[in-house]
Every structure is written in C-alpha cells, then in structure tokens.
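I opened this model to look up a handful of local features. My notes follow in the order in which I worked.

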Amino acid sequence: MDPLKRVEKELKKCVKCGACRAHCPAFAALQREPAVARGKVALSQHLLKKDIVLDDQTYLAMSKCLLCGSCVEKCPNDVATDEIVVAAREALAQARGLTTFHQAVGRVIRNRKLMNFGALAAAILGPLFFRKVPASSGLRLRFPLPFIGRKRHIPAIAKKPFMARHPEIIEGEPGKPRIVFFVGCMTNFVYTEIGEAALALFKHLGCTIIIPRDQQCCGLPGMSGGDLKTVRELAERNLAAIEKFQADYVMTACATCGGALHRFYPLVVGKRNPELKARLDAVAAKTVDAAQLLVKLGLKAEETGAGEELKITYHDPCHLRTRNITSQPRELLRAAPGVELVEMEGADKCCGLGGTFNVYH
Ligand code: SF4
Ligand code: SF4
C-alpha cells in the first residue's frame, strides 16, 4: 500500500493558506515554496496521484524538512505535515530505495551490539582521526570523510556508555515514583553527563529508576530517511522493553527521543493497528521530559546547583517546544542558586540540526 494513502485525510485538510510560511525554519533559510509545509503537502498530493516525475529534485525537495513540527503547531487546520513528510519519504524510499547512508544508519541503529562496539572503537581510535580544537568546541576530523565537512565539530564518544555504568534497577524509597529512563543514543554514547545528572537528581528525590537493558535507539534517524521498517521494528522493541516494568513515568533527557515516544510512535507506527496504537498511546501518556518531571516532583531550589555564579541562556529544542515544555527548564534554571537566566533572541527558533538532516544540508 502507498504510504501516502495513510495520510490522505491530512492531505485534504490543507487549505493552502500559507500560514506555515511564517514558522518554517527551512522556508526562512531558503525562501522557496518547496521548502515550506504547504509546498510539501502539494508535492505529496502529486506523489499520491502519481502525476509527478520522481527525479532528484522531488527527492531533494522532500528532504528539506527538519520534522520540527513548527508548522503543525501553528497550522489553523491542524494539518499533520510532519506525518505527511514521513509518509512521502517512505513512499520515495520504496520507489527509489534507501540512500547508502540511510541503509548504513538503519543497520547500525537496529543493532545495539554493533553500536556498543562502534562506540568503543571510536572512543579508543578517536584520537587518531580527530584532534581537539580550542574553546571546548569538540573535536575536528584530521582526514576527510564522506558526508562530513572538514570544518565540522564532532562531539567525543564516551569511553564507557552510560548504560554500562549502571544496573538495570536502582531501588528508591517506598511510595516514591517508579521511573523508566529511556536513555537514547546521544545520552548513552556521547553526552553521558546529561544521563548522570538526571540520575543523580531523581535518586535524590527517592525515585526508583529503571534503565531497561533491552531499550534501543528511538529510530528517528531512520525516519528522516524514509526507513519506516526500521522505525517500526525499534518502536516495537522499545515498547516491549518499557512495558515490562509497569512504571509511573517514562522519562527522557533528550527532546527527540521524547518526541519519538510521545508523538511519532503513536502517529506513524500505530496507524492502522489499533491494538499496537493503544499500547503506544499508553506509553506516550506516561512520557515526560526530565525537566518536566523534576518540576512536577517538586525539586527544591537549594537542591539544584552548587551555587556557582553563572549567567545562562536557554534555547528551546523543537521537540520540547511543540510539546509545550518551555516553562519547566526555565523554572529549574531560575531556581538554581547563583544562576542568572537571560533570555536569548530567537530562543524558539529551530537549531537546524534535525538528526540526519544536518548531514545532507
Ligand atoms: S499546512 Fe496548514 S498552515 Fe500550511 S498552508 Fe496548509 S492549512 Fe495552511
Ligand atoms: S516540520 Fe518544520 S521544517 Fe518541516 S515543513 Fe514543518 S516547519 Fe518546515
């Protein structure tokens, strides 16, 4: 079945008003109709009718979406453009095959052992291929590699992944919430300090923290290339890993993983499978961001920092902002002793990274 058939109803809802033009980061950068939600909807309608040539231009136009959800948030007709783009990319992948890059991405994210091995190899061999650059900005490649520009900064891989450092269940105090920690690949392999900080704070609050051993990548890197087979497989494996523990909350410290569990799994994976959708909805209803849960559980100001004098600004990740999680991170920062929170201009603007989007564009 044509994946675009799944979103036929959404396609019909678009009245071509163009309100999305004011909110789409791809349009802001490119100022061209194919970049904006309205253009993507029109293109998808033609793809469904099969009255358009599937050439490189079509593929390129559909690739220029960050799946940020800003258009969905602001659309007066509630058109789920992100769902449409995902379906169109799946249709294009079915027609033309996955790119070599996305085939490789799919192979890696489906295989946790391979990821663990790759991360270990990268941590050990990294110094040979990368050199440190000043101003704590990360690492830079010594030798050229396809898809990676020489001027790009690459974050270092942790020597030991977050999940390898902790047991599966960390018992808390009786009567306190049971939390499944959906760690996500970036927290597990790169920004382990985020995982450690979340763990320390929820331990401090007496929660039982469960880090399911069987959890996998959320699958969104595959979704951006139209590899829905991988996304479905990973969603079902994650669902089973989470359901096993009957927790009160499913907590993420990564905006995109939260977006996967909260929006994309029920929307994209649950479609046309009511039983699976009900299970995915149940997990989505329990999914919370770390900042959201810390505020909800009443973390006190004096517990949030060491009192160091810091001036901090905060940027809203799209996958938190479009889920209305904007006040809680600021609330925590304002409460931290010694911290002065200064609002930046354009805090709500997409960063442009968009998973594998930044590799191509
Ligand atoms: S996607 Fe929504 S905002 Fe954009 S043109 Fe269609 S109806 Fe208007
Ligand atoms: S999801 Fe974001 S990048 Fe894609 S069309 Fe909508 S606003 Fe533009």
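I call a residue near a molecule or strand if its C-beta atom, placed from the backbone, lies within 6 Å of it. With that cut-off, 15 residues surround ligand 1. The closest are Cys 14, Cys 17, Cys 20, Arg 38 and Cys 75.

Some bookkeeping. This is a predicted model, where local features need pLDDT of at least 70, side-chain atom pairs count only at pLDDT 80 or more, and totals for chains, interfaces and linings use all residues. Residues are numbered from 1 along each chain as its sequence is written, while chains are lettered from A and ligands numbered from 1 in the order in which they are written.

**Ligand shells**

I sorted the shells by class: Ala, Val, Leu, Ile, Met, Phe, Trp, Tyr, Cys and Pro count as nonpolar, Asp, Glu, Lys and Arg as charged, and the others, Gly among them, as polar. The shell around ligand 1 has 10 nonpolar, 3 polar and 2 charged residues. I take helices (H or I, at least four residues) and strands (E, at least two) as DSSP runs, numbered from the N terminus. Helix α3 gives the largest share of the ligand 1 shell, 3 residues.

Ligand 2 has 16 residues around it, and Cys 24, Ala 37, Cys 65, Cys 68 and Cys 71 come nearest. I found that α2 (25-30), α3 (37-49), α5 (70-74) and α6 each supply at least two residues of this shell. By class, the ligand 2 shell has 10 nonpolar, 4 polar and 2 charged residues.

**Domains**

Next I checked the domain bounds, which come from an automatic or database domain assignment. The assignment gives domain 1 (3-97), domain 2 (102-154) and domain 3 (162-288). The centres of domain 1 and domain 3, taken over C-alpha atoms, are 28 Å apart. Their contact takes 9 residues from domain 1 and 10 residues from domain 3. For contact, the C-beta atoms of two residues, placed from the backbone, must lie within 7 Å. On the domain 1 side I find 5 nonpolar, no polar and 4 charged residues.

**Strand β5**

I call a residue buried if 20 or more other C-beta atoms lie within 10 Å of its own, exposed if 12 or fewer, and partly exposed in between; C-beta atoms are placed from the backbone. In strand β5 (residues 178-182), 4 of the 5 residues are buried. Two strands pair if DSSP finds at least two bridges between them. β5 runs parallel to β6 (residues 208-210) over 3 bridges, and parallel to β7 (residues 249-252) over 4 bridges. Val 180 bridges to Ile 210 in β6. Ile 179 bridges to Tyr 249 in β7. Beyond four places in sequence, the contacts of Val 180 include Pro 212, Ile 242, Phe 245 and Met 251.

**Single residues**

Is Gly 222 buried or exposed? Gly 222 counts as buried because it has 28 C-beta neighbours inside 10 Å. This glycine is found in helix α12 (residues 220-223). Its C-alpha atom is separated by 6.6 Å from that of His 102, 120 residues apart along the chain. Contacts of Gly 222 also include Val 105, Gly 106 and Ile 109.

Gln 246 lies in the loop between α13 (228-243) and β7. Its phi is near 45°, a positive value in a residue other than glycine. Gln 246 counts as exposed, because it has 9 C-beta neighbours inside 10 Å.
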